[in-house]
Amino acid sequence: MPDKDRRAWSFLVIGALLGLSAGLVAWGGFPERATLATPSGATALTPVAAPVTGGLAPSFEAVTVSGVGFRLQEARGRIVVLNFWATWCEPCRAEMPLLESRSRTHESAGLTVVGVNFDEPADLVSGFQSELGLTFPIVLDPGARIQTQYQVLGYPTTFFVDRSGVIQFVHVGSMDEGQLDGYLREMGLG
C-alpha cells in the first residue's frame, strides 16, 4: 500500500476512534465510578469493573412492567439469560418469540429469561409484551441505569449468567435459534 494511502487510512481510523470516544462521553457510556471512603475520611474514585465473561454479573434491583420487584441476586442457582432490548429495535422484536419459547421449555430445568427494556414508558413496554405474548419478566430501566452498569452499547445485547452468577457468554446483536440453543447447551440446558 502506498504511503499516501496508508496515511489516509490511518487518519480515517484515528478519526473514527476519536468520534466513538466523543460519542461515548456524550452518551455517558464509559463505566461509572464508585466513590470509596478512605481511612482519613477523604474519598477516592475507583473504576467500577466492567461486566466481562468470567466475571460476576453486576447485581441490580428493578421493577417489572407489571409492578413486581426483581433482584438479579435472587436468581442465583438458576441460569439467567439477561436480554437488553427496546420496542423500536426490529432485531429485538424478531428474537423475542425465540426467548419466550426457550423460557417456557427450560424453566423447570432452571432457566430464567429476563428482558431489560431501554428506558421506555411502562405502558409502551406493556403493550409490546402483550402483543408478543411474552411471559418472562421484563424489567423497566428508568434512566438506563442497568444498561449503563452493563455497558450496553447496542440492541439487542444478551448476557448468559450461570448458576453461580458468573457471566459465561455475551452476545451482541440478534440471535438465531442455533446460536441461542448453542449457548444454552454450553450452560447445561438442552
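In this predicted model, helix α2 buries C92, E95, M96, L98, L99, E100, R102, S103 and H106. Several elements cover these buried residues. Among them are the strands β5 (79-85), β6 (111-117) and β8 (157-161). The helices α3 (122-132) and α5 (177-186) also take part.

Now follow α2 along its length. The helix runs over residues 90-106, 17 residues in total. From its first C-alpha to its last it reaches 25 Å. That is close to the 24 Å expected at 1.5 Å a residue. Yet α2 has a kink of about 30° at M96.

Next, the aromatic rings. The whole structure holds 11 aromatic pairs. In one of them, the ring centres of W88 and Y155 lie 5.6 Å apart. Their planes stand at 90°, so this pair is edge-to-face. The two residues are 67 residues apart, and the pair links distant parts of the chain. W88 sits in the loop between β5 and α2. Y155 sits in the loop between α4 (145-149) and β8. W88 counts as exposed because its relative accessibility is 52%, and the cut-off for exposed is over 50%.

F160 and F169 make another pair, with centres 6.4 Å apart. Here the planes meet at 80°, so this pair is edge-to-face.

Finally, look for one aromatic cluster. F60, F70, F84, Y150 and F159 form it.

Methods: Residues are numbered from 1 along each chain as its sequence is written. This is a predicted model: local features need pLDDT of at least 70, side-chain atom pairs count only at pLDDT 80 or more; totals for chains, interfaces and linings use all residues. Side-chain values use heavy atoms; hydrogens and water are left out. Helices (H or I, at least four residues) and strands (E, at least two) are DSSP runs, numbered from the N terminus. The expected span of a helix is 1.5 Å times one less than its number of residues. The bend at a residue is the angle between axes fitted to the seven residues ending there and the seven starting there. Buried means under 20% relative accessible area, exposed over 50%, partly exposed in between (1.4 Å probe, protein chains only). Contact means heavy atoms within 4.5 Å. Rings of Phe, Tyr and Trp (its six-membered ring) pair if their centres lie within 6.5 Å; planes under 30 degrees apart count as stacked, over 60 as edge-to-face and the rest as tilted.
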